Amino acid sequence: RFRNTLRYLLGALDGYSDQETLSYEDMPDLEKWVLNRLAELNEQLNQTAKDFDFTHFYTQLHTFCTIDLSAFYLDIRKDCLYCDGKESPKRRAVRTVIHHIFECLVHWLAPVLSFTAEEAWGKRYGRENDSIHLQKFPTIPSEWLNQEIVEYWEKVRQVRSVVTGALEIERAAKTIGSSLQGTVAIYLPNEIAKELGGIDWAEIGITSTAKLVIAQPPASAFALEEVLDIGVIVNAASGEKCQRCWKILPEVQSSEHHLCHRCEEVVAP
């Protein structure tokens, strides 16, 4: 898992430079959430060093790579990473955060996976640079710790768990193939809709389109006992498949190049 994560990060950082860096204040909330997780892990690392209990920290780091990155953050942001324009502020924010993830991960892994960390460091910065084992651990800014972001994204992830559960049911029934072949209607109370209404739920759920419906979920909606008052209905997305991002949207039908509006704008000369 650690090696595959480093390999993905290296690929996503190809061509990255300091000129692409976006400041913390200009980042979307999801990127701030990831930086908060790095700050939390850094605090755990410091406590681990005091307690001399490294097993607990590296278990947490493995969970971070598996659950927070692979199954959540990188899964959501791969569309932006692959399909947004190079100068897109969101894509720059994603690459900036991936840079920080790489720096933390490669340094933190160096004491226990010495050869893997050295290989990843050399691949990023060249063999002529000093060894990773001669570097100091990254300094984590205190502003990265943000409890409001934690609480907000905990609520988002709870709703997302219902969306992904509903999608898996339809995939198992072969109603849809990939999640991008689906569109979701998320039924939820007005107070939750107000709080989470600014989220792009199609991006978070990795579907072609999504909509919020302020109403009690119908009996046919998928729901989870641990997430009260949230229900999701999945239908097949209407339109044609964009040949670049693979979303199924009505606008693709009128495109000469079989692309959605976003992709047409990015590839335009």
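**A close look at the rings**

A: Let's begin with a charge and a ring: the charged end of Lys241 sits over the ring of Trp246, 4.2 Å from its centre. A charge counts as over a ring if NZ of Lys or CZ of Arg is within 6 Å of the ring centre and within 35 degrees of the ring normal. Likewise, Lys32 lies over the face of Tyr24, 5.2 Å from the ring centre.

A word on the source: this is a predicted model, where local features need pLDDT of at least 70, side-chain atom pairs count only at pLDDT 80 or more, and totals for chains, interfaces and linings use all residues. Residues are numbered from 1 along each chain as its sequence is written, and side-chain values use heavy atoms, leaving out hydrogens and water.

Now for rings with rings. Searching the whole structure gives seven aromatic pairs (rings of Phe, Tyr and Trp, the last by its six-membered ring, with centres within 6.5 Å; planes under 30 degrees apart are stacked, over 60 edge-to-face, the rest tilted). One of them joins Phe72 and Trp153 edge-to-face, at 6.3 Å centre to centre and 70 degrees between the planes. This pair links distant parts of the chain, since Phe72 is in helix H3 (residues 54-83) and Trp153 in helix H6 (residues 147-172), 81 residues apart. Trp153 also pairs edge-to-face with Tyr152, at 5.9 Å and 80 degrees. Ring pairs join Trp33, Phe72, Tyr152 and Trp153 into a cluster.

Definitions and conventions: Helices (H or I, at least four residues) and strands (E, at least two) are DSSP runs, numbered from the N terminus.
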